[in-house]
Amino acid sequence: FTWTMPIVFSPQDPKTLYFASQYLLRSTDAGMNWTAISPDLSRNDKSKQGTSGGPVSQDNASAEFYDLIYSIAPSPLAAGQIWVGTDDGLIHLTRDGGKTWANVTPKGMPEWAKVGIIEASHFDAGTAYAAVDAHKLDDFNPYVFVTRDYGKHWDRIDKGLSAPGYVNVVREDPVQKGLLYVGTELGAFVSLDDGKDWQPLQLNLPTTSVRDLVVKDGDLVAATHGRGFWILDDVSPLRELAAGASPNTDHLYAPRPAVRLHDQSSGNLPYESVGDNPPEGVILYYSLAAKPKQPFTIDITDSTGAVVRSFSSVEKPPKNPLPLEFPNEEEPKPEALEADAGMHQQVWDLRHDSPPAIKGAYTDSGGPVGLLVLPGSYTVTLKVNGKSYSQPLTVTADPRSHVRPEALQQQYGLMVKLDQAVREDHAAANTIVDVRRQLAAIQERFAGDPAAADIVSAAAALDAKLAPVLEPLYQYHAHAEEEQLNYPSDLNSQLSYLEESVDSADSAPTAQQGDMYVTLRGRLDKALADWKALSPDIAALNAEIQKAGYGPVQLAGGG
């Protein structure tokens, strides 16, 4: 045995397990008993089987042994068909469960090169791929072989790969024929045409030795020699490209089904995450032939055709700008679709757009959230250069929750009401804050002008009336969590707290949550009525200002 030996389950029978030395071994009883089902399939060169090291420092770790089976590849299509490759440069095939074996070693393979991985095809029983490593022979060239006739003939398919990136692993995509992945000593590569050409699939993967690859649930997982695991989320765009889609056209790729999950970053997890999770929601991929001259959009609509979320290439202000009291911190970047030529991705978190924040407000609950959509069928549409490209999208329920659809409908119904309440609260608060700034500017501008004394007086009086109207809408005195002890939270935070509570799990709302909404809705209606009652005061002030030849107080932002 060598340092790392292959161990593989049968694709047809999960109780059949294969292991190897110079023989292929099989167990059908969880490893309690093993049977050799092959002769010695290596070169059996005794000079390569001694211990390494010398008389002073002996090494018998067996990592340097040769003449061993290094790769086992049972066919996923044909029971009893097994490919094996050795570390001394041989490939054998059995098609009858080990009763008879044929030496099918490629003629162009370097003698004594290691057959690191054999990949049996998912589409054709006679097809297999082999990754061959000859670097121990001072040959750092890449070697990838394919046979399409059960090993009678082999072809080299490593164009686009180059030394010193010798190949450790080759894998075939299990869904799209002709889509191949390889891991080399320098990173990851992909072929869209069954190995005729290769191109880097590096992205943010460090330049590192990729020792194994596997496609799992539509993701590509890489194991590196640095003992790291890296995952490329969602290879569906690569599958479309391999099926014939062109990356040099305007195109919307078909998104894979999305699972409706609640915010996984909140709450106390039972473990400490040491890696990056994929973004929550669904990744939407699109490509552009060239940078569009006009703005373009991606819209998501529900089964009724109603738009639930829209993304645009036109920059939008960040959803939750930083409070004014933190000018030195980096502001969130504006939201906009990437518009350069090439492929791009846009993450949709399966939520409606969140309500606009109150500029400068501190919300101790973390701020408003958008409505989480219900499980169902949706349509994604890219509108660019006067054309539309649509793809269906399925959103499925969290398989762990087992919640009734009616319960989710009830939850969604209350969240819609809360969303509306938050929007009304924020619209009124933003407008009042803006009006108060205008009033402060008026008082500063006309201070000391006897002719404008009435305007200054009226502005000050109106500001004094606005302050108590604004305070129930949001606690503008508090700028940090501890200040909530001195200035208790108001509707802004309380509505967000209730939203967070209702949205925290897949469940129908509790009676208490419903009662709390009614209470807060009543308080909000009272605050909005008090704000509306000041309309005559604003109109009167504007009349005085305009009489003096100046512009009126603007009610920007609604309310």
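Predicted model: local features only at pLDDT ≥ 70, side-chain atom pairs only at ≥ 80, totals over all residues.
Residues are numbered from 1 along each chain as its sequence is written, and side-chain values use heavy atoms, with hydrogens and water left out.

Q: Why are α2 and α5 called roughly parallel to each other?
A: Helix α2 (residues 405-446) and helix α5 (residues 511-532) pack at about 25°, with their axes 11 Å apart. Axes are lines fitted to C-alpha atoms, for helices over the stretch in contact, and angles run from 0 to 180 degrees between N-to-C directions. Angles under 35 degrees count as roughly parallel, over 145 as roughly antiparallel, 65 to 115 as roughly perpendicular and the rest as oblique, and α2 and α5 are therefore roughly parallel. The helices themselves are DSSP runs (H or I, at least four residues), and strands are runs of E with at least two, both numbered from the N terminus.

Q: What makes residues of α2 and α5 count as meeting?
A: Contact means heavy atoms within 4.5 Å. Among the residues that meet are L414, L418 and A421 in α2, and Y517, L524 and W531 in α5. By class, this contact of α2 with α5 has 10 nonpolar, 2 polar and 4 charged residues, where Ala, Val, Leu, Ile, Met, Phe, Trp, Tyr, Cys and Pro count as nonpolar, Asp, Glu, Lys and Arg as charged, and the others, Gly among them, as polar.

Q: How do you know which way α3 and α6 run relative to each other?
A: Helix α3 (residues 453-470) and helix α6 (residues 535-547) pack at about 160°, with their axes 10 Å apart, and are therefore roughly antiparallel. I455, A458, A459, L462 and K465 in α3 meet D537, I538, L541, E544 and I545 in α6, and the residues of this contact of α3 with α6 divide into 7 nonpolar, no polar and 3 charged.

Q: What makes a space a cavity or a pocket?
A: On a 1 Å grid over the protein atoms alone, a cavity is a set of points where a 1.4 Å probe fits but cannot get out, whereas a pocket is an open set with protein on both sides within 12 Å along at least five of seven lines; lining residues have an atom within 4 Å of a point. The largest cavity has a volume of about 50 Å³, and R260, H262, L371, L372, Q411, Y412, M415 and D503 line this cavity. The second largest pocket holds about 1,500 Å³ of space and is lined by 49 residues, of which Y70, G116, I117, R211 and D212 lie nearest its centre. β11 gives the most to this lining, with 6 residues.

Q: What makes the phi of D67 worth noting?
A: Phi of D67 is near 65°, a positive value in a residue other than glycine. D67 is found in the loop between β6 (58-59) and β7.

How values were computed
Points joined across faces, edges and corners; volume = space filled by probe spheres on them.
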